[in-house]
Amino acid sequence: MAQATSQFELSSPPEDAISALTFSPTSPTRLLASSWDKYVHLYDTNAGLNGSKLTALSHAAPVLDCCFGENDGVLFSGGLDWLVKQWDPETGAETTLGSHEDGVKSVCYNQEIKSLISGSWDHTIRLFDPRASTETSKHHQPHKIFSTSTINHTLVVAMASRSVYLYDVRNMSEPWQRRESSLKFQTRTVRCMPNGQGYASSSIEGRIAVEFFDASEESQKRKYAFKCHRAVEGGVDVVYPVNALAFHPNYGTFASGGGDGIVSLWDGMAKRRLRQYQKYPASIAGLSFSPNGKYLAIGSSSGFEDGNDGGEFPPESVKIFIRELAEGEGKGKGQ
Amino acid sequence: MPGDSPPPTSFDDIELHKENIQPLASGRSARALAQVLSARASPVVLRGENAVKQAEFEQELKTASELDDPLEVWVRYVNWTVETFPSGSSHESNLVHLLERVTREFLHEDQYKNDPRYLKLWIQYIQNFSDTPREAFAYLARHDVGQKLALFYEEFATLLESIGRRHQAAEVYHTGIQQNARPVDRLLRKNDEFRQRLETNPITDDEPHSPALVATRPALAVKAFGGGLGGGLGAPAEPQQQQQQPDPAPAKKPAKMKMAIYSDADAEPSSRAGTKKVTGGWDEIGTRDHRKKENTVESRPFAGQTMKQEGGKKPSSQGGKLAVFRDTSLHHSQENIIPPASSNKRPEKVAINLELVYPEEGDEEYSFEELRAIKRGLYGIDWKTRREEEEYERRAKIQAKSRMVEEKRAPVTVKTVMSPSPNKGKIKRKGNSRNAEPTMTFHTRAATDEIYNIFNQPLQLSAGQDDEDSENDSDEFDGEDYTMATNIGEQTEQFDPDAEGEDDDGKSVKSDWSDFTLRRNLLAENETEGEEELVSEEELVQAKGKIEKLAIHKDEGFDVFGENKLNILRDEPKQVATSSRLPLQKMKIPSPPEDFDPPRNPYYAGNQAHAQNRLPYMTPIVEKTESLPPTTIARRKAEHHKTPSKSRMPDIMDNSFSSPFGEILNDSGFGVSNLSLIDPPLVPKERERKPFGAKPVTALKPVAPKEVPIIQDLQCNPMDEALRAQIYEKLQPPLKTHEGFYHHPKSTFGKAAEIRKFSKSMGRKDSDRNNSNSGQGPSIDFFTGDGVRSYAIKRELGKGAFAPVYLAENMMVADAEDEAEDLDEDDIEGRLELTKRTAGRKRFEAVKMEHPPSPWEFYIMRQAKRRLGVARASESILNAYEMHLFSDEGYLILEYRDQGTILDLINIAKADSAAGAGVMDETLVMFLAVELLRTVEALHTRGILHGDLKADNCLIRFDPIPDASWSARYRRDGADGWDKKGVSLIDFGRGIDMKLFSPNVQFIADWKTDQQDCAEMREMRPWTYQVDYYGLAAIIHTMLFGKYIESTAEKGGLGAKKYRITSTMKRYWQQNIWNELFDVLLNPLLHTGGENRGVMPVTKAIRKCRDGMESWLENNCEKGAGLRNIIKRMEATLSRRR
């Protein structure tokens, strides 16, 4: 099948389901992907025809999330083995920052306080100082943490039971705001808007909510949720989970990836869909825009929606696509 | 009830208020009424007084229980209330509540069970406020209230009689008599009266029967009133359910009743055994409020709710819409089907397994990752303990870890010491194996070190080996680990080299290598795969083509020449495959339909010549042909045959489009990308016109199978430049092969400024604008392959935002015409020669200067022309002659029409008050609308959207025609000169070629929208054909009403919005026609039912409208001024304007 020219598939993708994808915040060609194959894979998306894998770093168990630190030379990952690790891709040097007491579901790096924040199923959020390689603080949460995202001084923690806590990273002793998700089902992903105004969250039941940090009433009035990633099959609307969200760094629009293998671009301000790309071969597991907004990385691998993973995982279903966005693609209305 | 009323009272006092007085069966005291009503003058005072009185009563009631006759107080209270508030129950009187209180209060007081006052209160309550009086009476019976009182039976029987249950009424009387109810005489009398009534009007069979015959159960009433009577009342359940939602108390009743009915039916008469209590289960009849409570809206969070507009009384009318979303309790949602929020939505099914996410037990929920971990046995492992125990070994660990660190399948028995990474396999084995050895705990560090030393050696293994190893490794994990495990467990201290070899430890170092090799393999594989795919796809297309051709052929319905065609179609692939000439007899082309008169003679000859000509390009053609979608081939062939004739070449297949059959074909075969099919005829033309000998070859280069639309996005902005760039790149045949397309990507032209300056100065001078000899205008010269094309700009015709349009003189034609003037009249040769040179071009043409340049409009116009072929609608598309594309500017040379646009017509009509009311004549509007509809219909069936239809994008095409050959009578087929009059669509800059997109694509616009954009755009919903339908509606609206369209949405029955125009039509207009048309154009999605695949374009619905309009035109064109005359007048006006 002819693929759109503006898209290519990374060579040597992970060998098991992808858990997360993220572009480096500084260079548009460094892509980090964590996978159930227990590795964190670092790619140069610009090398050769289809990019190349620079290195891969291993955990003792499947890796659930990964992120970049201060620059391309600092990587973090957390996984089922409870550990939060820091890597130097050049030397392969590995430091264990600390350990949770259950799988580490989410890691994110906060530029303001230069800290790595990890969230785990052990109901805790922990902050680490990468320079000292120590855990700086630990904060108990009421539920398992499913997703975290941070921007400026704000940290959004999405948990089980549809809890969403907002923290000010400068004062982690108390949540800044305690919220309940606007979505009726389990939160899948939260991502902060690049402008620091709010965040989008997605649920396992084909919905995305856009909310704002500002607790004032006017601001809260602006929040909304919408249905997406549904397909009519035999007269029934099949609702897919929304697994991945990624904001465009420049335009503030965002992409969503669902269990249906579809990636859509949304204009959160105008509340409308901008694009819907062709269907990808499997569930979308991760999305990330490059810092210049020129590329969108799309990780596609069989999801666990139907509970039929069974450990038998066809490696060929794991693919990472790099989509080059055309000029103005992803630009919202009136921008 | 009110007391007596001796002294006369003036009726006038009451008369005024009579409508506010609720009648009482026992009548009202006029005096009391008068008192009350006279006091009405000062309601405030009255209200105060009443409140005081009520408070007094309430006070009295508090102590009433100490009185001998507490009921007396209540009776007074009730009576006072009834008198004081003649208008019946109200918030102030609160009579309902009062009665409810009193009746409930004494329900179990034996003292009052047979007190007439108490019964009267009940009856008052039942008569006035009970929704289900029969049930209430049954309730009383059950509670033994008034069973000794004739009043009870009288009232009950009266009630039953009044609702037509006379069997039951008779039964009740009978029971009462059996009960010896007081006063017996009165009861007997009433019973007699009842009997009399029965005689005069006998009970018919269709009246409800009580389950038991009256006669057979004299004293059964006893039990009856415990249940039997209730049984007799079995029916109450139905009306009750009809009237209101079941409430808890009576809800139990049906069951109870049934029991009663069946058991009592043969129960023997007993006097009063049951009296004492069969009441079990019906202790409370419920207050009115209680009964109503399901109809009251509970207060609850507002989010996600739709307000009920009315009480629940008539849910049927709007129930579906307003159904309140019921939150499926997350923890109990066992199935994945979520009930739709409202009935008109599709049911939803969640693709995920909610049972796993929200398991029954506990309120724990699981994310997908957890579930996957659980499934893989990676969940709940205590890594900390595990690691602690590994602590020692850790030190020995090499930095880089093996890929498969401590793998475990099941929650671990932590006691075992895990050996470090190298042995992770082992560890697992230990964990799982029956032979796991606790002794491992004594594993010393020294030992570990030793082991590791051994272990580390394999690091020197070659990469290849390692690869293999790693593979083995994984295998091993899958299967044999357990056996291995024992081994290793036992030999912990003396790992044999083999085991080491298999270890992953060295991997980290080598992993890169392995990856590379892996990748190489992958690449290679991909490549080969890709090739295979290509080939197979081609084959597939070919094969499919054959099949589909046949199928399509059937659709076309060319019954007459079906066979011939079939031959051709079947043979085509053969020809293609062998690159040989077609056998002549196969070349028979189906006799063309209808009026088509093709150049037949040159046909066969040309055919041969053509085949020969084609030889050099044969191979490429072959490949291309194969890639063409089914119908393509046949059509293309037809075109090729005709090419040699060089004439304007109506091509047969395309011609067929103009026949009704053709339309059908196109409807059904929308998916067919005949885009490329129509291209080939151009190629030969190009050859003769241009020195681009090589070009055709490139055009016919093998191309990827064309099955796949270029743009596969399901939703996109069709104007997106990047998207278009992608299209240009992939277009087959490439844009540059189009005749008249000149691309100079490397060079700039830089004339824009000069031209703009000139047109400005022209505007200032406003000089003799149409003088072709002024010669002042800048001349633009395009260097093409075969010489210079020179145009002299005359003046500005129109200003687009990005693209001004200028009138230009085509110097080539001008020269030819000038020469022609010099020629003798008789010099036919010379004239022919000149005509040939001008090649159908005109002296004056329009030049659209695009800046920044885009070939899009040229592309769409060409596609439109080609796909329309000789269909009549083709005339309604402006000709695009040339496109000169530079890196900075683009020049599109267009046909020039000087009659203005529909907008001009509208303005003329507006200015011309004589035309009536400042709008166009309806007949003319109808005529133009038909022209537009036909054009757009035809474009849509061929997959072209205009995208920017508006009145000023429709040029008037009133070609001059002698009166003699133009009939006054309108002809829908265009005969008698009517095809010379019409419109020409321009400005295809927003055109969309649907064939470039996947069939279910949706578009979204990124520009600012207004009322002139379709509703979907304004509401930011995706759209496709709606854009043109709305554009048509807007044009027609503007023509009709002389103002821009405005539409409003009204909710349709199905929840879909239904749009209609807000303007009201004149009484004498053809409202049916227009309304139907607007309905289709504004709500195309509601009219897809009749279309072939139930999707847009709604060509058939539009066609139907157009048919109606054409019929009307044919019948009415000569009425009034006559359509022909109107058009003539408009023509004259338009030419004057020039």
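In strand E5 of chain A, Leu57(A) is the bridge partner of Val40(A). The model in which this pairing is found is a predicted one. Strand E4 (residues 39-44) of chain A runs antiparallel to E5(A), and six bridges connect the two. E5(A) itself covers residues 52-58, and five of its seven residues are buried, which leaves the strand mostly covered.

On its other pairing, E4(A) is joined to E3(A), again in the antiparallel sense, here over five bridges. Arg30(A) has Asp44(A) of E4(A) as its bridge partner. The two strands form a hairpin with three residues between them, and within it Lys38(A) takes a positive phi near 75 degrees. Lys38(A) is not a glycine, although its phi is positive. The residue sits in the loop between E3 and E4 of chain A. Lys38(A) counts as buried because it has 27 C-beta neighbours inside 10 Å, where 20 or more are required.

Strand E3 of chain A spans residues 30-35, and because six of its six residues are buried, it is largely enclosed by the rest of the structure. In a regular strand, side chains alternate between the two faces of the sheet. For E3(A), one side carries Arg30(A), Leu32(A) and Ser34(A), the other carries Leu31(A), Ala33(A) and Ser35(A), and all of these are buried, so that both faces are covered. E3(A) also pairs with strand E2 (residues 18-23) of chain A, in the antiparallel sense and over five bridges. In this pairing Ala33(A) of E3(A) is the bridge partner of Leu21(A).

His229(A) lies in the loop between strand E21 (224-227) and strand E22 (230-233) of chain A. His229(A) counts as buried because 27 C-beta neighbours lie inside 10 Å.

Taken as a whole, chain A contains one helix and 30 strands. The chain has 335 residues, of which 59% count as buried. Among its contacts with a separation of 6 or more, 47% are between residues 24 or more positions apart.

Chain B has 47 helices and 17 strands. Of its 1138 residues, 39% count as buried. Residues 24 or more positions apart make up 70% of the contacts in chain B with a separation of 6 or more.

Two helices of chain B illustrate how its elements pack. The axes of helix H42 (residues 922-941) and helix H44 (residues 1026-1041) of chain B come within 10 Å and cross at roughly 170 degrees. Because angles over 145 degrees count as roughly antiparallel, H42(B) is roughly antiparallel to H44(B). On the side of H42(B), the contact is made by Val925(B), Leu928(B), Ala929(B), Leu932(B), Leu933(B), Val936(B) and His940(B). H44(B) contributes Asp1028(B), Leu1032(B), Ile1035(B), Ile1036(B), Met1039(B) and Leu1040(B). The residues of this contact divide into eleven nonpolar, one polar and one charged.

Elsewhere in chain B, the peptide bond from Met1096(B) to Pro1097(B) is cis, with omega near 0 degrees. Pro1097(B) belongs to the loop between helix H45 (1071-1082) and helix H46 (1099-1116) of chain B.

The mean pLDDT of the chain is 65, and 53% of the residues score at least 70. Strand E11 (residues 944-945) of chain B has the highest confidence in the chain, at 91, whereas helix H29 (residues 618-627) of chain B has the lowest, at a mean of 35. Over residues 327-336 of chain B the pLDDT is below 50, and the model gives this stretch twelve contacts beyond near neighbours in sequence. Residues 543-706 of chain B also stay under 50 in pLDDT, and the model has 218 contacts for them beyond four places in sequence. Where pLDDT is low, the predicted coordinates should not be read in detail. For the model as a whole, the scores are ipTM 0.88 and pTM 0.49.

Conventions: Residues are numbered from 1 along each chain as its sequence is written. Chains are lettered from A and ligands numbered from 1 in the order in which they are written. This is a predicted model: local features need pLDDT of at least 70, side-chain atom pairs count only at pLDDT 80 or more; totals for chains, interfaces and linings use all residues. A residue is buried if 20 or more other C-beta atoms lie within 10 Å of its own, exposed if 12 or fewer, and partly exposed in between; C-beta atoms are placed from the backbone. Helices (H or I, at least four residues) and strands (E, at least two) are DSSP runs, numbered from the N terminus. Two strands pair if DSSP finds at least two bridges between them. Two residues are in contact if their C-beta atoms, placed from the backbone, lie within 7 Å. pLDDT is the predictor's confidence in each residue, from 0 to 100. Axes are lines fitted to C-alpha atoms, for helices over the stretch in contact, and angles run from 0 to 180 degrees between N-to-C directions. Angles under 35 degrees count as roughly parallel, over 145 as roughly antiparallel, 65 to 115 as roughly perpendicular and the rest as oblique. Ala, Val, Leu, Ile, Met, Phe, Trp, Tyr, Cys and Pro count as nonpolar, Asp, Glu, Lys and Arg as charged, and the others, Gly among them, as polar.
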